[in-house]
Amino acid sequence: MTSVIPPSSGLEDLPPGAESGAVPSPASTRRTGWRAMLPTWTPKLAIGLGLVVAIALFGLIGPVFAGNPDTIRNIGLTAPGGDHWLGTTQTGQDVLDQLTHATRGSLQIGLLVGVMATALSAVFGVIGGYVGGIVDEVFSLFSNVMLVIPGLPLVIVISGFVPADQRGSWTIALVLALTGWAAAARVLRAQTLSLRNRDYVAAARVAGEKPWRVICVEILPNLLPVLASQFVFSVIAAILSEAGLSFLGLGASNSSTLGTMLYFAQNGFALQRAAWWWFVPPGLIIAAFGCGLALINLSLDEIINPRLRRPGRKRVGRATSGSSRNHAVRSTVA
Amino acid sequence: MRYYARKIGFYLVALWAAVTLNFFIPRMMPGNPVDILMAKLQQRGGTVDPSVRRSYELLLGADRSDSLARQYLSYLGNLLHGDFGVSVSSYPAKVSDVIGQSLPWTIVLIGLATLVSFVLGLVLGTLVGWKRGSWLDSIIPSTTVLAAVPYFWLALILAALLSSTLHWFPLLGGYDVSLSMGWNWSFISSAVSHGILPALTIVISSVGGWLLGMRNMMVSTAAEDYILTARAKGLRNSRIMIRYAARNAALPSVAGFATSLGFVVSGSVMTEQVFSYPGIGGRLLQAVENNDYALMQGIFLVITVAVLGANLLVDLLYGLIDPRTRASN
């Protein structure tokens, strides 16, 4: 395989989405190579990373120090205090212990679904967009159909047919991934369509590179920021949908997640008994984690679409005032 | 014309895909739903004559004697006749009747709440986007937080605060069960007061998305030349904002409205579970709990058809209000 095109040629190119009416940015703020793939360090990104890392550590290390979350004590529903920092449930189980294990469970499912859904969307979006023709027609029709069929009812029906004892976390993750990849595939397809007409991709094709190699070497590296953003988004969506599913009593039977905690809190009448320490913390962790990921996603958006970058101290002035248009479209799609 | 034909064709394909999914899901899953169903039917004093068993086998596919293709054809035939089978959990009611009872609750509650949140989001987004950089912009970060909060959790918190603690709204149900259903004042007012809290939670959790999208479009529209022209003509500021900027900025939101309808239905399942609302989402969950497979499938189909229909409607309307979409397709 003769390497006519230097492998790095794709990386020096501006990220996709930059080409349309790109604002000439001052040379000092322009970054090349792999550094262009990293988000700029902003307070937004710092807060987002901080939240995500803190919660991930809590879920990773917490269970090591926590006691057995299933230990039943003869004290019933107790408010937070010295022995139990976050109080206990109706059956005297320590809420903090449960919280550490549940956080780990939720993160696991989120990651699992994130990886699978991103892989699926890459297959349908990138391959369809690159190959074109009838393959593209079929793939994009398929993703559009999956997009309009309402997801949660479909997930509920599928989980309803799987017997509870066979409903493990892998099953749930698979179902969530199968119903959650379509929106990302559409975005990836649009990006691939714009990439495949670039000169260096055309050159690679003319030079006789095999399609899979063009996709892996020329196209995918340029899609990394988009893929990362889609991955982050599908992790948020997965954690939220898993929580919802478990809250409905349809989650995995072999795992404890933040959603199952909320399910037991609701069933134990935590609300009616004003046991806030039981149902507030799980929701807060989901919200904080989702918020952290969303902030990271906003920073990733700035790589995908450089026009969103703040001009820094030098004011570029009117030229950037149209900058948020792509962002608006993206956020309505999301 | 081609635009409309394409759109209608696409939704027909989507409908066919949903129906086919519905056919294959029970057949791919482990276990035999028909046996569970028959046991349940007998418990409830239903007669298990061969014809009932036969019709369930057609719906749920436990009959291995027929080929898959034949099963599929008879299944489609059953659907065309509106025959979804008999509900086990509310035996001997037909599935279509059960759905008919609960559908209006969902349509009124979810429909109104979605519309209110959409309009509210557009109005607020217009104002915030027009006065960019003012104190109004400080609303924006909180929308990120709101979008990350699980909807049902927010609903639980609001219910605990406004209902259990402050006693402003009734906590559960769609109406006061001591009243008889009908078009009389006491029933309607009870239904309205039971609907306010669920509707409020839907509006609060979904208004942020519309607001953000509209705000961002307003910001970019405000930089367009025709806005400058309008200013130069000396038009009133409010007129420029509404007739010139907001009208154009709202287009992507209208398009987004269609895609959001599916998520709205998902929201309805959660809402109806938290508030024990007598709508179709709550019914779906009851059906799952009771292994009422016929009802489950019927509800899934009805929800899907409703979402597809609404999407088609919005798509066709969008083609009318924004001719550019027709040209580019």
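A salt bridge is a side-chain nitrogen of Lys or Arg within 4 Å of a carboxyl oxygen of Asp or Glu. By this criterion, three salt bridges are found over all chains in a search of the whole structure. The structure is a predicted model, in which local features need pLDDT of at least 70 and side-chain atom pairs count only at pLDDT 80 or more, while totals for chains, interfaces and linings use all residues. Residues are numbered from 1 along each chain as its sequence is written, chains are lettered from A and ligands numbered from 1 in the order in which they are written, and side-chain values use heavy atoms, with hydrogens and water left out.

Chain A contains 12 helices and zero strands (helices, H or I, of at least four residues and strands, E, of at least two are DSSP runs, numbered from the N terminus). Of its 334 residues, 51% count as buried (buried means under 20% relative accessible area, exposed over 50%, and partly exposed in between, with a 1.4 Å probe and protein chains only).

In one salt bridge, the closest N and O atoms of Asp136(A) and Arg189(A) are 2.7 Å apart. Asp136(A) lies in helix H4 (residues 133–148) of chain A and Arg189(A) in helix H7 (residues 182–196) of chain A, so the pair ties together parts that are 53 residues apart in sequence. Asp136(A) counts as buried because its relative accessibility is 9%, whereas Arg189(A), at 26%, counts as partly exposed. Arg213(A) forms a salt bridge with Glu209(A), with 3.0 Å between the closest N and O atoms.

In chain B, Asp315(B) and Lys7(B) form a salt bridge, their closest N and O atoms being 3.4 Å apart. This pair links distant parts of the chain, since Asp315(B) is in helix H13 (residues 293–321) and Lys7(B) in helix H1, 308 residues apart. Asp315(B) is buried at 16% relative accessibility, and Lys7(B) is partly exposed at 22%.

Helix H1 (residues 2–28) of chain B also packs with helix H4 (residues 68–80) of chain B at an angle of about 125°, the axes being 11 Å apart (axes are lines fitted to C-alpha atoms, for helices over the stretch in contact, and angles run from 0 to 180 degrees between N-to-C directions). H1(B) and H4(B) are therefore oblique to each other (angles under 35 degrees count as roughly parallel, over 145 as roughly antiparallel, 65 to 115 as roughly perpendicular and the rest as oblique).

Helix H12 (residues 280–289) of chain B has seven of its 10 residues buried, so it is largely enclosed by the rest of the structure.
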